[in-house]
Amino acid sequence: MDRNHGLMPDRTMTGRHPDFLGIGTQKGGTTSLQKALARHPNVFLPGSKELHYFTLHSSQGVTWYEAQFAAATAEQQCGEITPYYLFHPEAPRRIHALVPEVRLMVLLRDPVERALSQYFHAHRLGFEPLELEAALEAEPGRLAGAEQRLAAAGSRDDSHQKHSYVARSRYELQLARYEALFTPQQLLVLRSEDLFAEPERIWQQIQTFLGLARIPLPTPLEQANAGRGEAAAVSPAIRAQLRVKLAPTAAAIRNRYGFDWAW
């Protein structure tokens, strides 16, 4: 296969590649994590968050990807954070083909709150013209056939990326694709709420997982990209409907990873 598709390991790589990836979830605290890691002296992150190499830009070729880490020193671990990696159906296979020993970090937010946050984020930025109930009703039709369309390198599907409110909160389905390819030791799954409630404890856990020198949080953790509180006005009925839809997710995460959101 053409190595530019990122589907087969490139044994001729001469540049740096990521030692770790932050793969998700969207609206789960990945920007806050990125800002903290960027201040660790033994970590190198590209200048911009969300490279999307294994999703939108897999046709760019591995040389392009290596160039993103060219400025790293020998003492630094390289990483990048793209939350779409968790949801994109082809990303796990592409990641495993190129960097099979990579370490993967996942932040999981209460799936109902995450779905609502994504909706209001999309609505605020003009990606979503529909009101909340209509958008939730339209989601299955918008996403129909998206995974097939995304199989080709370099392809994209706007609704899969921007209108996937409930689907992106089905964490157990997304994690299963990674669990099938990577060992448990390569995967760190954390609850987003703990990152902000107990930042120092989670920060030390992350450093241990990545094999970094353990230092205190360089600065107080900031809750980056927070919304404007629109979700507070969502009716209890809609929240109840979302909890029913996402009950399998909450149960699966509790059984597999030992935490939940106390519904």
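1. Glu50 is found in the loop that runs between β2 (43-44) and α2 (62-67), where helices (H or I, at least four residues) and strands (E, at least two) are DSSP runs numbered from the N terminus. Although Glu50 is not a glycine, its phi is positive, at about 70 degrees. Glu50 counts as partly exposed because its relative accessibility is 33%; buried means under 20% relative accessible area, exposed over 50%, and partly exposed in between, with a 1.4 Å probe and protein chains only.

2. Before going further, please note that this is a predicted model, in which local features need pLDDT of at least 70 and side-chain atom pairs count only at pLDDT 80 or more, while totals for chains, interfaces and linings use all residues. Residues are numbered from 1 along each chain as its sequence is written, and side-chain values use heavy atoms, with hydrogens and water left out.

3. His52 also belongs to the loop between β2 and α2, and it has a positive phi of about 60 degrees although it is not a glycine. With a relative accessibility of 7%, His52 counts as buried.

4. What is in contact with Gln161, leaving aside its neighbours within four places in sequence? The residues are His52, Leu56, Tyr84, Gln118 and Arg168, contact meaning heavy atoms within 4.5 Å. Gln161 itself sits in helix α8 (residues 158-162), and it counts as buried because its relative accessibility is 15%.

5. The peptide bond that joins Gly24 and Thr25 is cis, with omega at about 5 degrees, and Thr25 lies in the loop between β1 and α1. A reader checking the backbone may also wish to look at Gly211, which comes just after α11 and takes a positive phi of about 70 degrees.

6. Helix α11 (residues 199-210) has 12 residues and spans 16 Å from its first C-alpha to its last, close to the expected 16 Å; the expected span is 1.5 Å times one less than the number of residues. Its buried residues are Ile202, Trp203, Gln204, Ile206, Gln207, Phe209 and Leu210. The elements against which the buried residues of α11 pack are the strands β1 (20-24), β3 (77-81), β4 (103-108) and β5 (187-191), together with the helices α1 (30-38) and α10 (192-197).

7. Helix α5 (residues 111-125) packs with helix α12 (residues 236-245) at an angle of about 120 degrees, their axes being 9 Å apart; axes are lines fitted to C-alpha atoms, for helices over the stretch in contact, and angles run from 0 to 180 degrees between N-to-C directions. The two helices, α5 and α12, are therefore oblique to each other, given that angles under 35 degrees count as roughly parallel, over 145 as roughly antiparallel, 65 to 115 as roughly perpendicular and the rest as oblique. Val112, Glu113 and Leu116 of α5 meet Arg239, Leu242 and Arg243 of α12. By class, this contact of α5 with α12 has three nonpolar, no polar and three charged residues; Ala, Val, Leu, Ile, Met, Phe, Trp, Tyr, Cys and Pro count as nonpolar, Asp, Glu, Lys and Arg as charged, and the others, Gly among them, as polar.

8. Helices α9 (residues 171-179) and α13 (residues 247-257) pack at an angle of about 40 degrees, with their axes 8 Å apart. The residues in contact include Tyr171, Leu175 and Glu179 of α9, and Pro248, Ile253 and Tyr257 of α13. The contact of α9 with α13 divides into seven nonpolar residues, one polar and three charged.
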